[in-house]
Every structure is written in structure tokens, then in C-alpha cells.
Amino acid sequence: MGIRFVLMVNKQGQTRLAQYYEYLNVEERRALEGEIVRKCLTRTQQQCSFVEHRNYKVVYRRYASLFFLVGVDNEENELAILEFIHLLVETMDRHFGNVCELDIMFHLEKAHFMLEEMVMNGCIIETSKTNILSQIQLMERAS
Amino acid sequence: MGSQGGFGQSKEFLDLIKSIGEARSKAEEDRIVLREIETLKARLSDPNTPKFKLKEYLIRLLYVEMLGHDASFGYIHAVKMTHDDNLLLKRTGYLTVTLFLNEDHDLIILIVNTIQKDLKSDNYLVVCAALNAVCRLINEETIPAVLPQVVELLGHQKEAVRKKAVMALHRFSQRSPGSVSHLLSNFRKRLCDNDPGVMGATLCPLFDLITLDVDKYKDLVVSFVNILKQVAERRLPKSYDYHQMPAPFIQIKLLKILAVLGSGDKKASEQMYTILGDIMRKGDSTSNIGNAILYECICCVSSLHPNAKLLEAAADAISKFLKSDSHNLKYLGIAALSRLIKISPDIAEQHQLAVIDCLEDPDDTLKRKTFELLYKMTKSSNVEVIVDRMIEYMISISDNHYKTEIASRCVELAEQFAPSNQWFIQTMNKVFEHAGDLVNAKVAHNLMRLIAEGFGEDDDTADSQLRSSAVESYLRIMGEPKLPSAFLQVICWVLGEYGTADGKYSASYITGKLCDVAEAHSADDTVKAYAVTALLKIYSFEIAAGRTVDILSECQSLIEELLASNSTDLQQRAYELQAILNVDAHAVEKIMPINSTCDDIEIDKNLAFLDGYVQQSLENGAEPYIPESERSGMLSISSFMTHEDHEPSTHTLRFEAYELPKPSLPPNAPPSSTELVPVTELSYVADIFQPTTSLPSASDSAASELKLRLDGVQKKWGRAHLLLPCPTHHFKQRHCEDSK
């Protein structure tokens, strides 16, 4: 069910985080990421946050210089995925405090750990910020 | 503020991040990355690197790959890091492994052992890390290695572990359904887990299973409705709230499940009406997530057995969506309309104006969604308007994949709802003109068939009128540049069959036009083939009608060009055309009858009509035909085939040693060289080369032992030769002289 990939790409097309739930090799990823960002860049603020791409959809949301892009199957609830992106940002925000692109760059593995808690097998399985972050905090304390 | 340092990142790392962030061009970025790759290669090969440094290098490797470069030289280090006891390092190891590798990678074998160990760890965080890895890296082959442990973990005391174990089992059922078919009851058990996180996670595998086999899970309808009720009544911990909505993502999953369970089932649907009504009534339409839930409710309602009150509530919600300024909500409104159309077809008409607005909006996503809706709304009363709009849109699309989709939809709607033949042909022409090479070839053939059959009516006048108008419009269009090949084929065919049928155009005119087409598309063999066959038909009809055929010079050169063509198909057609020109009217009528596209051609596989000819030839002394199977002494293709059948069907490596070569028989002919020294004295030579053990051999000849074939070989290296004069002796003398 559901999510094919989660990407964070800046508007220059540099990928800051890439998590694929269906395997693509390095060249395929590069091509995909470039294509999608270009598509999203041509759209205005007023237009839909959803774009059809190949035989699936991409839900995107822009926060300052960073695009959050989630590729989903056609049966997914687009607005719910849009809010999932926001939940992810809110979670990172709670951990890093006023999260920005640099936080993700300097703490890439943390961002990944959070996403790992939230999505497994392409399905959203954890949406409680407390539960998500407790895993991270426990790990930090244990190390 | 987490922008700097933390966890001892080196200056090098900070510099890397900064320079990547500040790179102004792809070329600059590539230079930075390539330099980084060299640095990392050196660092990683140093065995004394401290572990936390290694972690940093792995993260840097991640960056390298995210920017599009290959980092496979470092994969093994990620694997090694999973062995570490420190939780953070171990988890980073697992993370990088899952990001670098995929389940079919060779290195996975090295990880399975670690995963197995970690799944048994006392530290539940380690178990969790291993379960994360299981969900990314375990494939069909490695499932048995971890399955028993995972099943045990379903009952672990920590909810985080149970949650992830459920997802691990989910993955197994996706990769290899057979391996877990006896374990599916575990999902039912976890649905009743005390922890809402575990319950929420279980909804995912359950959804998949229910979709595959609805009837098996109908008994759970009551449970799902109950859970949804509890969630909506805020009985879950507050931490699951999001923007004041209680566990919205779980609600949405439950709604999806209920939609599947209630579809086509009145009884099941009835159990869901109350909770659906409640949720829709209490729904919050001011927040995105509230609207997301409302939308999911509408989707659920549209698949359940119809309920008037719910449908009314759905229609209200849709109105609000469409009236909203937000494009996202408009999009949802259109999508919801598409779903409801099946149950209440009139609903779209209430919102016609809003729908048209969306159609004209420059937002491509919204437009596409609206066209999907229109496609579902089409009936014979509105097909003309809708298809015309769709074609207009299709022309503006540049993405071929999507253009094909829309073109196929247009064709489908035209074929299904066309109000008149005239309109149908015009529409098909437009589709062909702009997307001819994208639509299925079948569409072109359907069109030709329809023109030939005349829509099944027995009204000949109408049929011929239709064909005349087809001819008319094609003559007009065919001069245009860049027509798709499929379209040109149809045009040639129509002109060939019907170009001269109504007498309006002379054969010269039509044939001239056909030659123009063939010339303009000289690289397209298929179009040329259609053109020359069309010429053949026209000439045939002229001959059959008793008129003399006047071949234009350009037609003559076309024919001559095709007679010498590389394509045998084109050659054949050209020769057939030539042959027809020399046949009398009566025969031509039989070969190429007018208007007989729909007549069946009878095929006689035995070629019985040639029997007389064969008989006559045999009487004149010709050899009778021998079937292939009776021919002897020749390698025929059939024997090759049977030979191949005898070989094993699987190509495997051969593990048995090859047989030793058979010993050779001594040659019968005497040695030809006359410079041989007799062999007998040099017995020691024979000693060196003869093996001490005798080897088994099939033949019982005298030379049954394996030895080198020394017959005919000059034996000049024996002791005896050292004293004999030989040609080299002179050389040695000379050499000695030089060195003096």
C-alpha cells in the first residue's frame, strides 16, 4: 500500500534526503528526482499540491528552500499525505527546534531515523510524535 | 539550534556540507563530490579508523550517492558497522545498509546473521533496529532464517517491538505469501492489542489481506466499526492527536478498510452507516486533515450500499470543496464527484458550473482530474461537447504517455456514444491527425472496418455518402505536413477502396495524390505499401470498368522504384500491380472485386486447385514430392530439432570431470622424415616420457599406454646427439669466433 518514496530536495535540485520503498538504482533516482523537482518548480503557490507523474502521483510541499516530495499510489488520500508531510516536519521541528535545511544536512541519520519510525513497508505506521521521538531520544542516551 | 556540531562532527564534514550547499553549478558540485570520493576511499581503507569517525564517513558516503555518484566501494563498511555493539553505530550501520543495498544484493548474506543475532538481543532497541532492517532487506530466500524469531517477537513485552514485528510479518506476506499463510491469525490478534500503535500498524497488513479475500474478513466488520468509534470519541492517548483531530491517519485507514468490506454487501454496509454519519457530521472542514477525513468518508460512502442520508451529506461536503478557493479542495471535490457518479449520476449536473471552471483552470493537475470526471460522465447527450473538449486538450499535451491515455479515452467514448457516423469519422480524423501514432493500431483497423461495413445498416445510400465524405475530407487533409503514419495508412486505404467510387474524382487525380503521399514519406515503408496497393485497386477498378488505364509518369517511377526495393513486401506489391495491368477485365474483376473488403477469402490449404497441374507434370516425367520426414541421408532441420530436445532443458554447470582422452593408435604410414636417428638406442628418452602406471583404455592395441606421440619427431636432444655434427654447430663456432 501507499508510499513509494520520500524525498527532500532543494530548489537547485540537490537531494538532501532520499528514502525509496521500491528499489531504484542511482541513475534512476537521479533522473526521477530531477524530473519531479522541475515539475514542481513550474507550479504556482495557488495550484494543487499534487502532481501526476508516470503512473502514480507525487504530493509535494515546499518549506522555504526545501521541497518535500512523497510519491504515492493512485489510491492514496492526497490530502492526508500532504498532512503527513507536515507531521514529519513538525516532528523534526520538535526535535531540532526550528528545523531548517541545514539541520537535516548535519543530522541526516537522525532525520532518517525519524522517518524509519513513521513509515515501514511504504505504510504510515506511527503518527504520535511522542512515540517517534522517544526512540531517538533513548538511542541518544544509550550511546 | 542544531545547525552546528553535535556528536563531534569534524571540520571536514562541516566543510563538505557547506561546499555542497554553496555549489553554484552541477560541474562544481561534481568536482566536490569526486574529491570527497577520493578522500573517503583513502580513509575507509585505513584499518585504524576510530568507529565514530567511520560513522561519519558512512554518512558522507550517503551524500555522495544522493548527489548521483556511485559509492559501492564503501558498502562493505556499512555492513561491518552493523556488527557494532554501540546502539547508535549499529543503527547507523543498518540505516546505511538499507539505503545502499537492496534485497537482492550479494552483500545481504553477510547481514542475515547479524540480524538473527540482534533479533534475540536483550536490548529491545537493538531488536527494533534489526526489525527495521528486516523490513527492507529480507527477501523470499532469507525469510526462513528470521521467520521464527519474528513470530516470537509478536508477543514481546515492548509495544515498539510488537509494532515492528507486525510490519516484518507484513513484508513476508508481500514477498512470499505462502511462507506465512498459516500465520495470518497473528494479524487478527494484534488488531486487539492494548497498544494503539500496534493496532494502527496492523491495519496495514489487514487492508492488503482484506483486499485479496474479502469474505474471509467480513466477521471483522463489527470490530473495525468499534475501533473507529473509539478513535472518533477520543479514547486514544492525546499523543495521537494531530491538529485537534484524534488519530486522523488511523481513522483514514479504518475508513479505507470499511469501504472494501462494505462494497456490494448491504448487511455489512448497514453496520457502518451510523459511525460514518457521525464522523461526517462532526467533521472539521476548516483544517486540511479534517477535510482529508471528510474526503475519505465520501470515498467510503461511494462504495457502500447506497444510503440517502449519507449521500446527501456527501453531496454537501462536495459542494463546499468545489466552492473553496483552495485548489487542493477543488481537486478533492472533483475526485469525489468521480466516485459518486456511479451511485448517483445526477450529482455532477448540480455542479456543472464548478466543473467547467476547473476544466478551464490553468492548473494542469486539476484539469486532468476534471477530464477523468468527464470521461465517467459521458453519455450520448453530451458526448460531442465532451469529446471535442478532450481533443482540444489532447492537442495541447506534450507528454506522450498522457497524450496516449487521453487519445484512447476519446476513441473509446467516440466508439461508444457517437451520435452520427459523420461526427464519428470527423472525430477519429482529428484524433488520428494529432495522435495517430500513439493510439493502438487496432483503432485504425476499426475505423477502416467501420467505413467498409457501413455501420451495419443496409442503407447503401447512407454508406456511400459516408464514404464520399470520408474521401473528401482525406483529400483535403493529406497534403498537410507531419501526418502520423497510422493516419496516412487509413487515408491510402480509403482512397484506394472508395476514391473513384462516386465518380467525382478521376483515377488520375486520385493516383496522383497517392503518389504524392508515397513520395513525401519515402522513408515509411508501410505507408508506401498502402499507397501502392491503393494504386493497384484503382487500376483494377478502371480495367474492370472497361476504361483504359492512364498511368501517370510519377506513378510509373514509383512502381519502378518499388520493383527494385529492398523490402520484399514492397517488391511483391509492385510486381502484382504490374501483373494486374496485363490482365483482362474479366480476370481483374475476380482478383480485385469492388467493395469486397468484408468478403471472406476462402483458403484451401491443400491447394486442391493445383492437382491438375501436378498430375500433368508427373505424367511428363517430373519427380514426385518427398516429404521432409522421409528424406534420408541429409541433415534436415527436423533432426536438429530432435537433437536439441534430447539435451537437458536446464543448463547447469558440469561437475564431472571430462573423460581422459583416448590413447591414439600408432600411425600406419612410415615416418616421412629421412633425417631421423633410429630410436632404439635412446632408451632413456622412452623412460622419461612413459608413465609409470598404465591407464585403462578402450582399445586393445599395442600402444595402449598413454604417451606422447613421438613418431615422426626428430629426436635430437638425446645424449647421443651431443657428439653428432648438426647445423647449429656451425653457428656455435662462429659465435665463439666472434667472442674472441
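User: Where is B:Arg234?
Analyst: B:Arg234 is in the loop between α13 (221-232) and β1 (241-242) of chain B. Helices (H or I, at least four residues) and strands (E, at least two) are DSSP runs, numbered from the N terminus. This is a predicted model, in which local features need pLDDT of at least 70 and side-chain atom pairs count only at pLDDT 80 or more, while totals for chains, interfaces and linings use all residues. Residues are numbered from 1 along each chain as its sequence is written, chains are lettered from A and ligands numbered from 1 in the order in which they are written, and side-chain values use heavy atoms, with hydrogens and water left out.

User: What is the phi of B:Arg234?
Analyst: Phi is positive, about 65 degrees, and B:Arg234 is not a glycine. Most residues other than glycine have a negative phi.

User: Switching to chain A as a whole. How many helices and strands?
Analyst: Chain A has five helices and seven strands. Their order along the sequence is β-β-α-β-β-β-α-α-α-β-β-α.

User: What is its radius of gyration against a compact globule?
Analyst: Chain A has 15 Å, which agrees with the value near 15 Å for a compact globule of 143 residues. That radius is taken over C-alpha atoms, and the globule rule is 2.2 Å times the number of residues to the power 0.38. Along its principal axes the C-alpha trace spans about 45 × 35 × 30 Å, and 66% of the 143 residues count as buried.

User: Which salt bridge does A:Arg4 form?
Analyst: A:Arg4 pairs with A:Glu22, with the closest N and O atoms 3.7 Å apart. A:Arg4 is in strand β1 (residues 3-10) and A:Glu22 in the loop between β2 (15-20) and α1 (26-41), so the pair, 18 residues apart, links distant parts of chain A. A salt bridge here is a side-chain nitrogen of Lys or Arg within 4 Å of a carboxyl oxygen of Asp or Glu. A:Arg4 is buried at 18% relative accessible area, whereas A:Glu22 is partly exposed at 42%.

User: How many salt bridges over all chains?
Analyst: The whole structure has 47. One of them joins B:Glu472 and B:Lys504 at 2.9 Å, N to O. B:Glu472 lies in helix α27 (residues 460-477) and B:Lys504 in the loop between α28 (485-498) and α29 (507-520) of chain B, so this pair ties together parts 32 residues apart in sequence.

User: Why are B:Arg573 and B:Asp569 about one helical turn apart?
Analyst: Because B:Arg573 and B:Asp569 are four residues apart in helix α32 (residues 568-581) of chain B. They form a salt bridge with the closest N and O atoms 3.1 Å apart.

User: Last one: what does B:Arg190 touch?
Analyst: Leaving out residues up to four places away in sequence, B:Arg190 touches B:Leu154, B:Arg162, B:Val166, B:Val198, B:Met199 and B:Thr202; contact means heavy atoms within 4.5 Å. B:Arg190 belongs to helix α11 (residues 185-191) of chain B and counts as buried at 17% relative accessibility.

Technical notes. Buried < 20%, exposed > 50% of the residue type's maximum accessible area, 1.4 Å probe, protein only.
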